[in-house]
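Have a look at the structure first, then go through the notes below.

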Amino acid sequence: MTDISGELRYPYIFYGENTRQAPLVPDLRGEPYLLDLSPESSLFDGIDPRDQRRYQYIIDEQMSGRCTWGLASYMEDRRKLLSSCPQMQREERFFHLGLDIIVPAGTGLHAPLDSVVEFQGYEEGEGNYGAFVLLRHSSVHFRTFYSLYGHLALASLPSRNREFRAGEIFAMVGDFDENGNWFHHTHLQVLTEKGLEEGFLSRGYCSAKDLPVIEAFCPSPLMLFIL
């Protein structure tokens with residue numbers, strides 16, 4: 001889809017002829033493990049929502065011999081997982097704005113498009129992003145947008161303003177002590193320019209009242225994640 005200026009915007013850029021896209025994690029094989037973090041999930045039975053090492057054990061056990069990678073959904077209601085997060089409860093921000101890509105700690109992440117590092121840093125605190133990177137995607141062929149990657153390895157963070165070609169490694173998935181104490185994965189979130197201006201860089205979840213307009217800020221990242 002184009003706006004009045006004639007620029008393609010995400011995700012419609014992938015229907016054009018001028019967008020070179022690469023897999024975020026190359027060589028993923030087989031069916032993905034689908035992790036259910038909704039309020040109805042049996043994963044929470046008898047387990048503290050912040051006991052992420054226990055969750056990692058269960059995920060590894062369920063994936064063993066079946067799957068080598070996994071996903072957890074965009075727009076999933078995660079109120080039970082966030083029950084120990086006072087700010088989320090207070091603001092009723094339960095709907096997940098990213099796609100969680102479940103791969104082992106140390107897995108390299110490859111730029112999905114030609115990119116420039118807009119921001120990188122470390123968000124301290126239990127349940128936060130830990131090490132993260134925000135890539136800017138700009139072209140004469142489409143409107144600028146951004147992709148956010150959370151729960152990374154601190155030592156792997158690239159310098160700000162560094163350029164990457166599509167397919168080049170820009171960071172790695174982090175372990176518990178540097179990824180905000182989460183099971184091993186990266187949180188992939190797409191932000192429009194408006195989304196960045198409105199502060200969604202630090203908001204991985206939205207409230208029910210945001211849902212009717214959220215596409216203008218954080219559209220689905222599914223088109224950015226290819227195999």
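The largest pocket comes in at about 400 Å³. Of the 24 residues lining that pocket, Met88, Gly127, Asn128, Ser202 and Tyr205 sit closest to its centre. Keep in mind that this is a predicted model. The second largest pocket holds about 200 Å³ of space.

**Largest pocket: who lines it**
- Two elements, α2 (86-91) and β3 (93-96), each put at least two residues into the lining of the largest pocket.
- The top contributor to that lining is α2, which gives three residues.
- Sorted by class, the lining of the largest pocket has nine nonpolar, nine polar and six charged residues.

**Second largest pocket: who lines it**
- The lining of the second largest pocket is made up of Arg9, Tyr10, Arg143, Thr144, Phe145, Thr192, Glu193, Lys194, Glu215, Ala216 and Pro219.
- On the element side, β8 (142-152) and α3 (193-197) are the ones giving two or more residues to the lining of the second largest pocket.
- Here β8 gives the most, with three residues.

**How the space is found**
- Rolling a probe the size of a water molecule over the atoms is what shows where empty space is left.

Definitions and conventions
Residues numbered from 1 in each chain as written. Predicted model: local features only at pLDDT ≥ 70, side-chain atom pairs only at ≥ 80, totals over all residues. Heavy atoms only, no water. 1 Å grid on protein atoms, 1.4 Å probe; cavity = no way out; pocket = protein on both sides within 12 Å on 5 of 7 lines; lining within 4 Å. Points joined across faces, edges and corners; volume = space filled by probe spheres on them. Helix = DSSP H or I, 4+ residues; strand = E, 2+ residues; numbered from the N terminus. Nonpolar A, V, L, I, M, F, W, Y, C, P; charged D, E, K, R; others polar.
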